[in-house]
Amino acid sequence: MDAVAGQLIAGRYRLAKLMGSGGFGRVWAAEDTVLSVQVAVKELRLGHVPPGERRELLVRAAREARHAARLRDHPNIVTVYDVLEVDSAAWIVMRLVEGYSLAEQLRTGRLLNETRAREVALALLEALRFVHEADITHRDVKPANIMITHRGEVLLTDFGTAVDRVDTRLTRPDHVIGTPGYTAPERFLGAEPSGASDLYSLGVTLYEAVEGRLPFPPDEPLAALRTSPPPPRHADRLAPLITRLLDGDPARRPTPTAALALLGQSPSTPPTTPERIKEGEGDGKIRGKDRVTISLDSLEIAAQVVKKQAWRGAGLGTVAGILAGRSSIGPAVFEFPNATRNHVTAGVTAFLIVLMFYVLYGMFRGQSAESDVIIANHEGLTITRSDLGQTFTIPWSAVDRIALGVLSPSGELVKKGVRVWFRDSGEPTRDWLMKHRIPKQWLDKSFIVYRGDHEPHIPAERLHEALHTFAGARYHDVTNPSGPR
C-alpha cells in the first residue's frame, strides 16, 4: 500500500506533504515527532519490484545513507540522518531543503549570470573536493541533483549512485551509471568512475546553467573525444574553467583544488555559508563574514502575498457590497421582516465573498511564489528579482553613494527601496536600465535598483546591516542621520 499524508513511519516520522516523485521513489516533507523538527523522507517503493532488484535497491539505499552520513558535516552537501526499511519500502531521512533544484530553475528559462554561476561553481567544487578526499565518486552530478535554498545555499544531493573503493559492484561491467549528456565520455569506453568524471559532469552542468543548453548532444556520448564544445558565450571569466572541465581527456581536467585556484579561491579556506539577516538584528551581527544572503522564508512570502490580496479584496469587496446592498438581490434572496436588513445582509455577504476569494487566491499564490535574493559581499551587491527572473550585480567600484528609502519631513520612511548614485564613470547604459527596469529619480539623480512594489519583496530595513558592513562609507542610512553617510 502506498504511503499517505499523516502516516507515521517507524513510529517517529509523520508524513506531511508529498514533494516529488520519480521512477522508484517519492520524497515527503515530514515531522520528526521525537525531536519536533521538519525533515525530508525519501521513500523507495519496493512492493512491485522483483526480489533480485529489490535487494539491489535496498543496498543502494543503505549505500546512499552511508556515503551521505560520512559527508554530513560539509555545508554544501545535504545531510542524511537515518535509513530504515518499513512496509516493503526503504526510507532515507534527510534535511528538509526549502528551495528548488537547479534543474527546476533552468526549466523556467532563468539562467545563471557570471557572478551567480561562479558562486555555484565554488560551492560544488568545495563539495566535490570533500567527496573525493573521502574516496567517494558521486557519478551523477547534474542540475537535478543540485539544490538551491531560499537563502541562496548550494547543496549537492542524491548519493544513491555514488561509490567508494570498498563498494561491491551492483551493475554489469558494460552498464554505465549516469545521465546521458552529463556522463564523462571515458565511462562509455569502460573506464572506472573517478573524480575526473565527476568534474566533467560539473562542467556540463555549469555550461548548461549559463548557456541554457548542453555542450554535446545526449545521444552522442563520445562527442567530447572528437571535438570541442561550442565556446560558452555567456560565461565570461568562468569560460576557461568550463572549457577545462569539458576536456575529453580526463588527465587534462583540473582537480577540484586546481579548479578552485582557477577561480581565485584558496582550497584551504573553508567554504562560506550564507547567513541570513533576520528582523530585529542590529549592527555587528555579520562582521567578519565574507558575504550575506538575504531572502524570505515560505511563511514570510505567504504573509506578504495574502496581505496584499486581502487589501485588494477588501477594496473590491466594498464596491461589490455597496452595489449588492443597493440592488434587489437582498429582498429576493433573504426574507427578513425588515427590508433594510435584507439589503445590509446582501451587501455584507457580497463583501465577505469577494474578500475570501482574494484571501484564498493569495494563499494559493503564496505557495508557488519564490523569494527575491540579495547577496552582499566586499565586491558588490547582487540582486535577483524572482518575479522578473533577472539577476544583476552592482560593483561597489561603480557606486558613489547608496541609501535605503526617503524620509518625509516628519522623519518617517515613506518610500522603501535601495537607491544608488553611480560614479560618472560607472553609470549604467540606458539599455541596461531598461532591461532590469531600474528607474531614475530625476530630482536627486539616483537610481532605484530595488523597490518594494511587487510581491513578495524583501523589506528595505532588512538590508541595513548588510549595506552598513559591505558598502562602508558609501552607505547613507536615511533612517539614522548620525550613521554612515
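This is a predicted model: local features need pLDDT of at least 70, side-chain atom pairs count only at pLDDT 80 or more; totals for chains, interfaces and linings use all residues.
Modeller: Residues are numbered from 1 along each chain as its sequence is written, and side-chain values use heavy atoms, with hydrogens and water left out.

Biologist: Why is Val34 called exposed?

Modeller: Buried means under 20% relative accessible area, exposed over 50%, and partly exposed in between (1.4 Å probe, protein chains only). Val34 has 55% relative accessibility, so Val34 counts as exposed. Val34 is placed in the loop between β3 (25–32) and β4 (37–45); helices (H or I, at least four residues) and strands (E, at least two) are DSSP runs, numbered from the N terminus.

Biologist: Why is Thr183 called buried?

Modeller: The relative accessibility of Thr183 is 10%, and therefore Thr183 counts as buried. Thr183 belongs to the loop between β11 (163–164) and α4 (195–211).

Biologist: What makes the pair Thr179 and Thr183 a polar contact?

Modeller: A polar atom of the Thr183 side chain lies 3.0 Å from the backbone oxygen of Thr179. A polar contact is a pair of N or O atoms within 3.5 Å; within protein, one must be able to donate a hydrogen and the other to accept it, and residues adjacent in sequence count only if both atoms are side-chain atoms.

Biologist: How do you know that the span of α4 agrees with its number of residues?

Modeller: The expected span of a helix is 1.5 Å times one less than its number of residues. For the 17 residues of α4 this should give 24 Å, and the end C-alpha atoms are 24 Å apart, so the values agree. Helix α8 (residues 298–326), with 29 residues, should span 42 Å, and its end C-alpha atoms are 41 Å apart, which agrees.

Biologist: What makes α4 mostly covered?

Modeller: Of the 17 residues of α4, 15 are buried. After α4 comes Gly212, with a positive phi near 85°.

Biologist: Why is Ala10 called partly exposed, and why is Arg139 called buried?

Modeller: Ala10 has a relative accessible area of 48%, so Ala10 is partly exposed. Arg139 has a relative accessible area of 13%, and therefore Arg139 is buried.
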